[in-house]
Amino acid sequence: MNDEKIIELYNKRSESAIAMTAESYSSYLMRVAYNVLGNYQDCEEVVSDSYMSAWNSIPPAKPSSLKFFIAKIVRNKAIDLALRKSAEKRGGGQVVLCLDELSDCVSDSGAAVDSGEITEIVNAFLRRQDLKKAKMFVRRYWYMDSIADIATYFNCSESKVKTTLFRMRQELKNELSKEGVSI
């Protein structure tokens, strides 16, 4: 069943919307959650909770892509869970590492920023990159893949991945600063 029909089921408040969403996207959503959490039991919990969040969000939300709409919910819930667990353990993990890396791109001004504005700037920044670099960035900071996994995927050294991501973060920081965005 396509996204439009599933979203129509959500709008009609048909409980089959959740079942159809799970049938269409459960493996993809589990992968998104697993890249953040690394634990299947936690992933199942996050994905299940995300179906309910989608149920509560549609309507009024009108996603153009159900796949990416619910993936964003899964990713955010997975990050929240990973941060809670890491605070409990005071451990590391990919989420903490990724967020720490991205903190280089932001200033300490504490000014409020429109997330839509930042999204537009980051998307424009990624569109200007060559495809390989953009994919590395997305795999690291959206899917939260490890440096080793990215290096394997692109058949290059971990050092190459780290250097590429470091340079991209510096470019993004300059781009955000040039656009007058401080976070």
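**Reading a predicted helical model**

Tutor: Ser16 is found in helix 2. Helices (H or I, at least four residues) and strands (E, at least two) are DSSP runs, numbered from the N terminus. This is a predicted model: local features need pLDDT of at least 70, side-chain atom pairs count only at pLDDT 80 or more, and totals for chains, interfaces and linings use all residues. Residues are numbered from 1 along each chain as its sequence is written, and side-chain values use heavy atoms, with hydrogens and water left out.

Student: Why does Ser16 count as partly exposed?

Tutor: Buried means under 20% relative accessible area, exposed over 50%, and partly exposed in between (1.4 Å probe, protein chains only). Ser16 has 31% relative accessibility, so it counts as partly exposed.

Student: What makes the link between the side chains of Ser16 and Ser14 a polar contact?

Tutor: A polar contact is a pair of N or O atoms within 3.5 Å. Within protein, one must be able to donate a hydrogen and the other to accept it, and residues adjacent in sequence count only if both atoms are side-chain atoms. The Ser16 and Ser14 side chains are joined at 2.8 Å.

Student: What makes a set of residues a nonpolar core?

Tutor: The set holds buried Ala, Val, Leu, Ile, Met, Phe, Trp, Tyr and Cys residues joined through side-chain atoms within 4.5 Å. The largest here has 33 residues. Tyr10, Leu29 and Leu37 have the most contacts inside it. Helix 1 (3-11), helix 2 (16-37), helix 3 (40-57) and helix 4 (66-89) each give two or more residues to this core. Helix 2 gives the most, with 11 residues.

Student: Which residues does Tyr10 touch, leaving aside neighbours within four places in sequence?

Tutor: Contact means heavy atoms within 4.5 Å. Tyr10 is in contact with Ala17, Ile18, Thr21, Ala54, Trp55, Ile58, Pro59 and Leu66.

Student: What caps the N-terminal end of helix 7?

Tutor: Asp130 does. One of its side-chain oxygens lies 3.1 Å from the backbone nitrogen of Lys132. Buried residues of helix 7 (residues 131-141) include Ala134 and Tyr141.
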